[in-house]
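Work through the exercises below with the sequence and the 3D structure at hand. Each task is followed by a stepwise solution.

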Amino acid sequence: MSELTRKIVFLICFVTIYAIRFYFARQVKQNKITDNRKTIQETFLLSLTVVGMFILPLIGIFTPWLKFAAYNLPSWTGWLGVVVFSLAIWLFWRSHTDLSLNWSASLQIRENHSLVQTGVYQYIRHPMYAAFWLWGIAQILLLHNWIYGLSYIISFLPMYFLRISQEEQMMIDTFGEQYRDYMTHTGRVIPKLYQERLESEE
Ligand code: SAH
């Protein structure tokens with residue numbers, strides 16, 4: 001796959017995923033926030049992800065400034081990138097649909113917030129973050145550059161590890177035993193298939 005094709009494919013997927021985000025962000029506006037745990041640390045980490053997920057790839061695609069940091073991968077990895085990005089888009093859309101009006105970009109609880117345990121949430125607790133990981137991998141496969149190819153994964157890493165336990169604590173504070181029980185039969189981003197199989201054999 002040529003460099004131009006990889007960049008065009010990346011842009012199509014990129015626009016699609018941001019369109020999904022804007023659509024759901026508009027929908028959820030009507031649902032009032034009742035518990036806001038957004039901290040300065042989170043605002044900083046969110047801004048960092050905007051640089052890695054949005055600004056750097058666009059600079060890399062539309063200007064020659066970062067060309068010096070290019071790397072080469074075999075042509076077939078471009079097709080793998082398309083498959084991985086498509087999966088990310090599907091999972092991102094699906095998790096937004098399942099969360100519906102319970103979704104927030106930050107650590108927030110909304111009015112009449114309910115604990116979603118259906119759809120993709122019946123297998124993993126963080127499908128949206130799983131979609132972000134897939135997007136990051138697709139970016140490495142499609143944009144062959146040490147800076148704007150890897151910028152996504154690098155900017156998402158601290159966000160993921162610092163936020164995930166805070167988010168789970170917030171969910172435990174809100175839903176108590178219900179969330180603890182949900183945690184026992186779901187994985188964070190990878191399904192707990194092994195445990196489920198053991199349970200069904202009992
Ligand atoms: N971590 C989840 C959701 C990301 S959006 C994922 O990766 O899919 C973050 C917001 O979603 C949190 O602030 C919380 O309010 C809400 N949330 C997370 N898990 C939820 C669940 N199972 N049911 C309802 N709301 C949830």
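**Exercise 1.** How much space lies in the largest pocket?

Solution. The model is predicted, so local features need pLDDT of at least 70 and side-chain atom pairs count only at pLDDT 80 or more, while totals for chains, interfaces and linings use all residues. Residues are numbered from 1 along each chain as its sequence is written, and side-chain values use heavy atoms, with hydrogens and water left out.

Step 1. A pocket is an open set of points on a 1 Å grid over the protein atoms alone, where a 1.4 Å probe fits, with protein on both sides within 12 Å along at least five of seven lines; lining residues have an atom within 4 Å of a point.

Step 2. The largest pocket holds about 850 Å³, a volume being the space filled by probe spheres set on the points, which are joined across faces, edges and corners.

**Exercise 2.** Describe the lining of the largest pocket.

Solution. Step 1. Its lining has 40 residues, and Arg 21, Trp 103, Ser 104, Ala 105 and Met 128 lie nearest the centre.

Step 2. Two or more lining residues come from each of α1 (3-28), α2 (40-62), α3 (76-99), α4, α5 and α6 (177-184); helices are DSSP runs (H or I, at least four residues) numbered from the N terminus.

Step 3. The largest share, 7 residues, belongs to α5.

Step 4. By class, the lining has 28 nonpolar, 8 polar and 4 charged residues. Here Ala, Val, Leu, Ile, Met, Phe, Trp, Tyr, Cys and Pro count as nonpolar, Asp, Glu, Lys and Arg as charged, and the others, Gly among them, as polar.

**Exercise 3.** Locate the ligand and list its polar contacts.

Solution. Step 1. The ligand sits in the largest pocket (more than half of its atoms lie within 2 Å of the grid points).

Step 2. Around the ligand are 21 residues (a heavy atom within 4 Å); Gln 108, Val 116, Tyr 121, His 126 and Glu 167 come nearest.

Step 3. α5 (151-175) and α4 (127-142) each supply at least two shell residues, and α5 has the largest share with 4.

Step 4. Look for polar contacts (N or O pairs within 3.5 Å). Ligand oxygen atoms lie 2.6 Å from a backbone N or O atom of Gln 108, 2.6 Å from a polar side-chain atom of Tyr 121, and 2.9 Å from a polar backbone atom of Met 128.

Step 5. Taken alone, the ligand exposes 540 Å², of which the protein buries 99% (Shrake-Rupley method, 1.4 Å probe).

Key
A polar contact is a pair of N or O atoms within 3.5 Å; within protein, one must be able to donate a hydrogen and the other to accept it, and residues adjacent in sequence count only if both atoms are side-chain atoms.
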